[in-house]
Amino acid sequence: MGDREEIPVPATGQRHLVLEPLGTLRHRDFRLLWMGTLALSSTNVFQFFAIGLLIQEHFPRVLGPSFPVLLILGVVGFIRGAGMVIFTLLGGVLADRYDRRNLALITQGVSVILIGLFSLLLALGSIQLWQVLLLVFATSAGTSFGLPARQALLPQLVERREVPSAVALFTAAVQSSITYSSFLAGWSLGTLGIAATFALSGVGNAILFLALMFMRHRGAGAADSRQPGMLLQVREGFRYGRRNHTVLGILIVVFTLSAVGLSTVANLTPNWMFSVMDVSPTTWGLLATMWGVGSLVAAYGILAYLRQSRLSGRVFLGASLFFSVMLIVWGLNRSVLGLGVVQFTMGGSYSVVLIIGAAIIQTQVPDEIRGRVMSVFNLGQALSMINGITVGGFAQGVGITTAWPLLGIVLTVAVIAGAIALPRLRQGTTTGPP
């Protein structure tokens, strides 16, 4: 495959079952992309912690105790999600038109600059709420714009039979980094403060920028002067999803989980940790680490499973239902130990959902439209942010301890209804390496 450089791999009989799928890392450019992605995901959580504490404690102290913390946490999520939606879709179109590696490289450079600007404003201590909203939108846009390009590169960097393993490793890099980055972010927040914690998030962006620079592969899209306009190409991505019933089912379930379940966790956790559980930033980091540990166990468990079996729609739906039930348990729990267990199981089940969903889509969608379809798939995370304004407003009105389990019940009912209404999804599969 072009100028891809490979490291020799031992014969099948000499490899351990669990480690064999890691053989995709023998491809030099995939290895660089994977390591850069791991570095990025290892420091992105620092932004979430810094902004969460800024809203939870800084602005109520500056603007008064009547400051609507839960609602503003939701508004911040909405702003972040809006940037993700707009620029993920645009990035998906451009990933199918132009050199995917160069597109990702440019966006990472912009992200490093934006993070530096935000860190400077925080360090000066004069940051205002409107500046937070503006810069959250900008950093979200910068992060999201290059994601479809990086994802669409994966099948070009490995053999076709290795695509499911590559997707699993890529997702594992994003999800499992929480095992240590959350603890480090909590420690940094309690020790170094908000400004330094946010600035540290730029380290991962810089490492990914360097990794992309050293890649030899040129991931050209299908650039053609006769191509239709970008808006029409965005519609083509949605249109393909509607025509393929398996892909449509995956998108519906992921969007539902994200808009209700992940939105609750992503937007309301800062208030839950400090107001309901009354824990320190370091303890918050330790609890969030359990989410990453669950993701790590699930992701590499799937890597082993890929060797012998198929990833099926039934497993995808089962993990979705388990995630939904655990959201209810979270809302009823008041034990720090119990919350750690809940975060472990939720992180694992959500990782399974993402890996299986992405792997099935990557193996079914043609290369010329893969960037756009994956950009639609990525909208799940954006929806979790956008719906934060609804989730935050609901929690502000009825109270977070009432809103949380109710949202879990709504999500569980929705997933069960989806499993019944989507028989084609239950039949969807992706085959692991022979």
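User: What does the numbering follow, and which pLDDT limits apply?
Analyst: Residues are numbered from 1 along each chain as its sequence is written, and side-chain values use heavy atoms, with hydrogens and water left out. The model is predicted, and while totals for chains, interfaces and linings use all residues, local features need pLDDT of at least 70 and side-chain atom pairs count only at pLDDT 80 or more.

User: How many cavities of 30 Å³ or more are there?
Analyst: A cavity is a set of points on a 1 Å grid over the protein atoms alone where a 1.4 Å probe fits but cannot get out, with points joined across faces, edges and corners and the volume taken as the space filled by probe spheres set on them. By this rule the count of cavities of 30 Å³ or more is two.

User: Which elements give two or more residues to the lining of the second largest cavity?
Analyst: This cavity, of about 80 Å³, has lining residues (an atom within 4 Å of a point) that include Phe48, Leu73, Arg80 and Pro270. With helices taken as DSSP runs of H or I of at least four residues, numbered from the N terminus, the elements are helix H1 (28-63), helix H2 (69-95) and helix H10 (245-276).

User: Is glutamine 108 buried or exposed?
Analyst: Glutamine 108 is placed in helix H3 (residues 100-124), and beyond neighbours within four places in sequence its contacts (heavy atoms within 4.5 Å) include Leu40, Arg150 and Asn205. Buried means under 20% relative accessible area and exposed over 50%, with partly exposed in between, for a 1.4 Å probe and protein chains only. Because its relative accessibility is 0%, glutamine 108 counts as buried.

User: How far apart are the end C-alpha atoms of H3?
Analyst: The expected span of a helix is 1.5 Å times one less than its number of residues. The 25 residues of H3 should therefore span 36 Å, which agrees with the distance between the end C-alpha atoms, 37 Å.

User: How far apart in space are leucine 407 and glycine 261?
Analyst: Leucine 407 lies in helix H17 (residues 400-421) and, at 13% relative accessibility, counts as buried. Leucine 407 and glycine 261 are 146 residues apart in sequence, and their C-alpha to C-alpha distance is 7.3 Å.

Terms used:
1 Å grid on protein atoms, 1.4 Å probe; cavity = no way out; pocket = protein on both sides within 12 Å on 5 of 7 lines; lining within 4 Å.
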